[in-house]
Amino acid sequence: MEVIKFQEPILPDAIITLTLNWNEDTQKLAFKYTSMSGENVVVHSSGKMKLGSSSE
């Protein structure tokens with residue numbers, strides 16, 4: 001795990017969306033958990049992790 005941020009708590013009954021983005025060049029996976037609050041997007045957590053063998 002390179003970085004992880006916990007920005008807002010997830011409240012009961014919230015509808016959460018997980019977005020994943022894979023960068024082939026860097027072999028990194030970025031993720032973001034979001035929900036909607038009215039017209040606004042709320043980011044609950046986000047981060048990046050490097051995937052691949054430990055010898056890299």
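Leaving aside its neighbours within four places in sequence, which residues is Thr34 in contact with? In this predicted model, where contact means heavy atoms within 4.5 Å, Thr34 touches Ile15, Ile16, Thr17, Val41, Val42, Val43 and His44 once those neighbours are set aside. Thr34 itself belongs to strand 3, which covers residues 28–37, and it is buried at a relative accessible area of 11%; buried stands for under 20% relative accessible area, exposed for over 50%, and partly exposed for what lies in between (1.4 Å probe, protein chains only).

Residues are numbered from 1 along each chain as its sequence is written, and side-chain values use heavy atoms, with hydrogens and water left out. Since this is a predicted model, local features need pLDDT of at least 70 and side-chain atom pairs count only at pLDDT 80 or more, while totals for chains, interfaces and linings use all residues.

The predictor's confidence in each residue is expressed as pLDDT, from 0 to 100, and its mean over the protein chain is 91, with 93% of the residues reaching 70 or more. Confidence is lowest in strand 1 (residues 3–6), at a mean of 93, and highest in strand 2 (residues 17–23), at 97.

With helices (H or I, at least four residues) and strands (E, at least two) taken as DSSP runs and numbered from the N terminus, the protein chain has 0 helices and 4 strands, and its pattern along the sequence is β-β-β-β. The radius of gyration, taken over C-alpha atoms and compared with a globule rule of 2.2 Å times the number of residues to the power 0.38, is 14 Å, well over the 10 Å that the rule gives for 56 residues, so the chain is more spread out than a compact globule. The C-alpha trace spans about 45 × 15 × 15 Å along its principal axes, and 14% of the 56 residues count as buried. Of the contacts with a separation of 6 or more, 38% come from residues 24 or more positions apart.

Two strands pair if DSSP finds at least two bridges between them. Strand 1 and strand 4 (residues 40–50) run antiparallel and are joined by 4 bridges, with Lys5 opposite Ser46 in strand 4. Strand 3 and strand 4 also run antiparallel, joined by 10 bridges, and here Ser37 stands opposite Asn40. The hairpin of strand 3 and strand 4 has 2 residues between the strands, and in it Gly38 takes a positive phi near 65 degrees. Asn40 is exposed, with a relative accessible area of 52%, and its C-alpha atom is separated by 14 Å from that of Ala14, 26 residues away along the chain.

Side chains of opposite charge can pair when their charged atoms come close. A salt bridge requires a side-chain nitrogen of Lys or Arg within 4 Å of a carboxyl oxygen of Asp or Glu, and the whole structure holds 1. Its partners are Glu2 and Lys28, at 3.2 Å from N to O; Glu2 lies in the segment before strand 1 and Lys28 in strand 3, 26 residues apart, so that distant parts of the chain are linked.Rings of Phe, Tyr and Trp (its six-membered ring) pair if their centres lie within 6.5 Å, planes under 30 degrees apart being stacked, over 60 edge-to-face and the rest tilted. Phe31 and Tyr33 form an edge-to-face pair, 6.2 Å centre to centre with 70 degrees between the planes.

| Residue | Relative accessibility |
|---|---|
| Glu2 | 44%, partly exposed |
| Lys28 | 26%, partly exposed |
| Phe31 | 10%, buried |
| Tyr33 | 32%, partly exposed |
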